[in-house]
Amino acid sequence: MSSVDNHPEYTSSEMMTVTAARALENGTTCFVGIGLPSEAANLARLTHAPDVVLIYESGTLQTKPDVLPLSIGDGELCETALTTVSVPEMFRYWLQGGKVDVGFLGTAQIDRYCNLNTTLIGDYTAPKVRLPGGGGAPEIATNAGEVFITLKHSKRTFVDEVDFVTTLGFGRDGKGRDGVPNIGKGPTRVITDLCVMKPDPETKELVVVSLHPGVTAEQVQEATGWEIRFAETLESTPVPSARELDVLRELKERTARAHGGQ
């Protein structure tokens with residue numbers, strides 16, 4: 001647990017979720033992934049962004065779940081949605097039609113150019129681990145106005161080269177989107193439990209722009225599988241407020257009760 005300047009104590013995971021939630025502005029239309037992205041997006045809805053429009057891959061529009069969904073097929077999403085449309089309509093009209101401002105994604109692996117891997121770990125012909133796959137993430141990453149990525153920081157996740165490019169960031173050389181017509185800007189920020197990163201405007205390589213309180217540059221480097229770059233002027237990420245922590249903890253407690261946890 002951490003405590004800064006008399007602010008409430010919080011965990012590194014809570015710091016990450018609150019920081020990711022703050023990235024969503026009120027009124028934004030957001031295509032939400034399951035897991036950490038869903039946690040952050042719903043925290044934003046319950047705090048500073050009550051008019052954020054949350055869309056899940058199953059076709060639920062403007063859903064307002066009382067607990068975090070287990071999957072895109074969780075009935076909680078449909079029950080609390082303004083309406084539910086077919087998956088083809090979701091992708092063809094809403095996403096590919098340019099009506100989604102932000103795609104909020106997680107991943108198993110990420111590299112310096114924001115390419116994401118959720119397909120497999122190891123060699124393609126004989127993988128060590130098979131992962132769930134891309135789902136709608138590849139389409140979200142190329143059609144949403146911009147993409148936010150949130151995940152925990154470790155060398156296992158932040159790798160020099162992803163084993164498989166499931167979801168395009170900026171390609172293996174940072175030029176994967178050059179000359180390719182698409183609606184969105186691609187990844188614009190990566191939020192972890194240690195820091196916030198943004199792609200360099202020219203090279204598209206990730207640059208650390210903000211360190212969370214109590215985190216050092218050395219810690220970030222130690223948890224990254226390449227020689228990561230740092231902004232000339234590093235900011236300090238604002239700490240979570242008491243209200244943000246209360247709302248987040250209540251949300252997770254409701255979720256645990258609903259899903260049979262303690």
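**Close-up 1. E39 is a buried residue, with a relative accessible area of 10%.** The model shown here is predicted. E39 forms a salt bridge with K252. Their closest N and O atoms are 3.8 Å apart. K252 is partly exposed, at 40% relative accessibility.

**Close-up 2. E205 and R112 form a salt bridge.** The closest N and O atoms of this pair are 3.6 Å apart. E205 lies in the loop between β12 (195-199) and β13 (206-211), and R112 lies in the loop between β6 (109-110) and β7 (116-117), so the pair ties together parts 93 residues apart in sequence. E205 counts as buried, because its relative accessibility of 11% is under 20%.

**Close-up 3. R112, D160 and E205 are linked.** The links form a network of salt bridges. One of the pairs is E205 with R112.

**Close-up 4. D200 pairs with R229 in a salt bridge.** Here the closest N and O atoms are 3.2 Å apart. The pair links distant parts of the chain, 29 residues apart. D200 is in the loop between β12 and β13. R229 is in strand β14 (residues 229-236). D200 is buried, at 15% relative accessibility. R229 is partly exposed, with a relative accessible area of 32%.

**Overview. The whole structure holds seven salt bridges.** Among them are E39 with K252, E205 with R112, and D200 with R229.

Terms used. Residues are numbered from 1 along each chain as its sequence is written. This is a predicted model: local features need pLDDT of at least 70, side-chain atom pairs count only at pLDDT 80 or more; totals for chains, interfaces and linings use all residues. Side-chain values use heavy atoms; hydrogens and water are left out. A salt bridge is a side-chain nitrogen of Lys or Arg within 4 Å of a carboxyl oxygen of Asp or Glu. Buried means under 20% relative accessible area, exposed over 50%, partly exposed in between (1.4 Å probe, protein chains only). Helices (H or I, at least four residues) and strands (E, at least two) are DSSP runs, numbered from the N terminus.
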